[in-house]
Every structure is written in C-alpha cells, then in structure tokens.
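Have your viewer ready, with the chain loaded and the selection tool at hand. We will go from the whole fold to single residues.

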Amino acid sequence: AAVPRALRPHALRRGVVPPWAGAARARAFSDLVPLKTPNFGAESITEGTVMEWNVKVGDHVKKDDLLVVIETDKVSVEVRAEMDGEIAEILLKADDTAEVGKVLCTIRPGDGGGAAA
C-alpha cells in the first residue's frame, strides 16, 4: 500500500522545503554581528564622515584590527574589530555620514585567519 502523502519524508514530497532547511538559512544570516558607529566622546557630536576602510568584504579580521576611520570636526575615531571573524558586508562607504549607533558593517564571527591588509 502507498504511504499517505502527509507521512512521506520531506525529500519525497515535491515543492515542500524541510523545516530544518529554512532554519539553517535563518540561523546563518542571524549569525552576522553588526558593528555600529561608536560614540565620539561628546553628546554634542552625533555624526562623522567615513574616511577610509582598511578592510573589504571577505577579509578575515582579528579582534582589535583597525577596520575604518571616522572623522568629525573635532575628533578622528579608529573603529576596531570587536571579535575575530570575516567582514560579511560594508554598509557605509568612504565619504558617507556615519551617525552614532548606525551599522557600519557586519561581521561573521569565527576564526579570523589573519590580520586585515
């Protein structure tokens, strides 16, 4: 006798994605850690200009590697990696305005593999 459709393994049912497949994709995406624009040291300074990135997407970084420099009219801030990992996405490019708390890039945590170039 044939196995009822509801009891067939997911692999045999056409057009049905196994529940674990979507969870794996969601988990991989949620593993990205946002790196936000830090405070510039004074409440009156709320934004700065992205001057230069020292990394690019796909680069492996170690904790404390210099990632980007942001300048305001009063200070220059070096933003460093908070953990070992891989740069997954850069959201602000050179000359963009970086507001305090705004995401600069995302990092996929893991073994950094080497210092940023």
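Here is a short tour, one selection at a time.

Before you click, note that this is a predicted model: local features need pLDDT of at least 70, side-chain atom pairs count only at pLDDT 80 or more, and totals for chains, interfaces and linings use all residues. Residues are numbered from 1 along each chain as its sequence is written, and side-chain values use heavy atoms, with hydrogens and water left out.

Start with the whole chain, coloured by secondary structure. You will find one helix and eight strands, in the order α-β-β-β-β-β-β-β-β from the N terminus. Both kinds of element are DSSP runs numbered from the N terminus: helices are H or I with at least four residues, strands are E with at least two.

Next, select strand 1 (33–36) and strand 3 (60–61), the edge strands, each pairing on one side only. They belong to an open sheet of four strands, ordered 1-8-6-3 with antiparallel pairing; two strands pair if DSSP finds at least two bridges between them.

Zoom in on Pro 34: its bridge partner in strand 8 is Thr 106.

Move on to strand 2 (residues 47–53), paired antiparallel with strand 7 (residues 97–99) over three bridges. Here Gly 48 stands opposite Ala 98 of strand 7. Strand 2 is also joined to strand 4 (residues 66–71) by four bridges, again antiparallel. Select Trp 53 and you will see Val 68 of strand 4 opposite.

Finally, show the surface: 27% of the 117 residues count as buried, that is, under 20% relative accessible area with a 1.4 Å probe, protein chains only.

Terms used: Buried means under 20% relative accessible area, exposed over 50%, partly exposed in between (1.4 Å probe, protein chains only).
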